[in-house]
Amino acid sequence: MHWSTRVRTLMTPDPVKIPVDARPSELQALLETRSFHHLPVVDGDVLVGIVSPIDLARVSLSRWVTDEPTREAWLDATFQVRDLMTWEPDAIEADATLRTAAEKLAEGGFHALPVLEDGRLVGILTSTDL
């Protein structure tokens, strides 16, 4: 890998995403059935945030309530994904270099960058990818 390589060559294209008004139980199901740890949040075609299992864990009742349907019902009645996510996450253009991506990841204290092209979400690049 050369640091001048473009992000588009290493990103995961067409990432799974979740709508901003989705229920937390939808988020939880996606995170439990997939192997990723960062999920872009969209409003239509526009990237508005990013969410991770840690964001969901912050509001989880799992330490106090063992009944899964009760936990899900409480989460869905209390929150939407918009309440849990990080708004306006740092993102990177598909034509940026891997050096730029690595610098953003190193400085930001986060482990994923949504990848944009002409303002549209086209991929995701994680610290693991690098």
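Some housekeeping before that. This is a predicted model, so to speak of local features I need pLDDT of at least 70, and side-chain atom pairs count only at pLDDT 80 or more, while totals for chains, interfaces and linings use all residues. Residues are numbered from 1 along each chain as its sequence is written, and side-chain values use heavy atoms, with hydrogens and water left out.

By a nonpolar core I mean a set of buried Ala, Val, Leu, Ile, Met, Phe, Trp, Tyr and Cys residues joined through side-chain atoms within 4.5 Å. Buried is under 20% relative accessible area, exposed is over 50%, and partly exposed is in between, with a 1.4 Å probe and protein chains only. The largest core has 17 residues, and those with the most contacts inside it are Ile18, Leu27, Val41, Val51 and Leu84. Where do they come from? Helices here are DSSP runs of H or I, at least four residues, and strands are runs of E, at least two, numbered from the N terminus. At least two residues of this core come from each of α1, β3 (39-43), β4 (46-51) and α4 (81-84). The most comes from α1, which gives three residues.

Now the charges. How many salt bridges does the structure hold? Six, where a salt bridge is a side-chain nitrogen of Lys or Arg within 4 Å of a carboxyl oxygen of Asp or Glu.

Take Arg8 with Asp95: their closest N and O atoms are 3.0 Å apart. That pair links distant parts of the chain, with Arg8 in the segment before β1 (12-13) and Asp95 in the loop between β6 and α5 (98-108), 87 residues apart. Both ends are partly exposed, Arg8 at 34% relative accessibility and Asp95 at 47%.

Next is Asp76 with Arg23, closest N and O atoms 3.4 Å apart. Asp76 sits in helix α3 (residues 68-78) and Arg23 in the loop between β2 (18-19) and α1 (24-33), so this bridge ties together parts that are 53 residues apart in sequence. Asp76 is partly exposed at 23%, and so is Arg23 at 44%.

Then Arg58 and Asp55, with 2.7 Å between the closest N and O atoms. Here Arg58 is exposed at 62%, but Asp55 is buried at 9%. And salt bridges that share partners join Arg8, Asp95 and Glu117 into one network.

Last bit, the backbone. Most residues other than glycine have a negative phi. So which way does Glu88 go, positive or negative? Positive: its phi is near 45°. Glu88 is in the loop between β5 (86-87) and β6 (92-93), and at 73% relative accessibility it counts as exposed.

Asp118 also has a positive phi, about 55°, although it is not a glycine. You'll find Asp118 in the loop between β7 (112-117) and β8 (120-126), and Asp118 is exposed too, at 74%.

That's me done, thanks.
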